[in-house]
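Take a first look at the chain below. Keep the sequence and the 3D view side by side as you read.

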Amino acid sequence: MFRDRKFPGNNQEEKEFEEKVVQVNRVSKKTKGGNRISFSVLTVVGDKKGRVGVGLGKAPDVVSGIKKGMKQAKGKMIEVPMRGTTIPHEVRIKRGAVKILLKPAPPGTGVKAGGSVRVVVEAAGIKDIVSKILGSNNKINNVYATLEALQQLKSPKGKEKLVLRDRRELKNV
């Protein structure tokens with residue numbers, strides 16, 4: 001009976017998701033009574049098994065912003081197809097001013113990626129990948145572009161079917 005209880009000093013339960021705060025922005029709004037200060041917090045949540053989400057929480061204090069961001073990220077999680085410890089194929093994406101390139105890498109390469117791409121990819125559980133960010137240093141845009149690039153990945157089986165279908169169409173023409 002006593003073994004089942006969780007005591008405050010005993011951290012036996014494991015977290016379901018890895019939660020990372022990427023950026024905290026202080027935002028100031030000019031009002032009639034003076035300046036109103038709030039915070040926007042960019043968060044990434046992943047289970048390291050192929051699921052990842054991004055959230056942007058805005059609140060008068062940082063802690064509330066983090067909670068809002070985490071809640072939003074958990075609600076907007078996507079499934080990332082993987083082949084072993086890497087991605088199935090290369091992806092290039094342009095979102096706004098940001099260009100992101102994600103390339104699969106052989107086992108043992110590790111994560112060769114810039115800060116904002118690295119956080120998203122590691123939260124998704126991808127262990128071997130090469131990436132490049134071009135065009136912008138804005139962390140928020142880079143994280144959202146990375147998420148969009150991961151959404152465009154096709155599972156290995158799905159990609160083979162697409163290639164076979166294209167070859168059959170070429171024979172018919």
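The model is predicted. Its chain holds four helices and eight strands. Buried residues make up 35% of the 173 residues.

**Overall fold**
- Read along the sequence, the pattern is β-β-β-α-β-β-β-β-α-β-α-α.
- Among contacts with a separation of 6 or more, 56% join residues 24 or more positions apart.
- The accessible surface comes to about 11,400 Å². Carbon and sulfur atoms account for 50% of that surface.

**Confidence**
- The average pLDDT of the chain is 85. A score of at least 70 is reached by 82% of the residues.
- Residues 1-7 stay under 50 in pLDDT. The model gives them two contacts beyond four places in sequence.
- Residues 9-13 also stay under 50. They have one contact beyond four places in sequence.
- Where pLDDT is low, the predicted coordinates should not be read in detail.

**Helix 1**
- Helix 1 covers residues 62-75, which is 14 residues. It reaches 20 Å from its first C-alpha to its last, close to the 20 Å expected.
- Gly65, Gly69, Met70 and Ala73 are buried in this helix. Seen down the axis of helix 1, the buried residues fall within an arc of 130°, so they line one face.
- An α-helix has 3.6 residues a turn, so residues three or four places apart point the same way.
- The buried residues of helix 1 pack against strand 1 (18-31), strand 2 and strand 3.
- The face turned away from the buried side carries exposed residues: Val63, Lys67, Lys71 and Gly75.

**Nonpolar cores**
- The largest nonpolar core has 30 residues. Val44, Val52, Val80, Leu102, Ile126 and Leu150 touch the most other members.
- Several elements give two or more residues to this core, including strand 2 (34-46), strand 3 (51-59), helix 2 (115-124) and helix 3 (139-151).
- A second, separate core has five residues. Phe17, Val45, Ala73 and Met77 are among them.

- Start with Val52. Leaving aside neighbours within four places in sequence, Val52 is in contact with residues including Val44, Val80, Val120, Leu147 and Leu150.
- Next, find Thr146 in helix 3. Is Thr146 buried or exposed? Thr146 is buried, because its relative accessible area is 0%. Leaving aside neighbours within four places in sequence, Thr146 is in contact with Ile100, Val117 and Val120.

Notes. Residues numbered from 1 in each chain as written. Predicted model: local features only at pLDDT ≥ 70, side-chain atom pairs only at ≥ 80, totals over all residues. Heavy atoms only, no water. Core = buried A, V, L, I, M, F, W, Y, C linked by side-chain atoms within 4.5 Å. Buried < 20%, exposed > 50% of the residue type's maximum accessible area, 1.4 Å probe, protein only. Contact = heavy atoms within 4.5 Å. pLDDT = per-residue confidence, 0-100. Areas by Shrake-Rupley, 256 points an atom, 1.4 Å probe, with all protein chains shown as cover. Expected span 1.5 Å × (residues − 1). Arc of directions from axis to C-beta.
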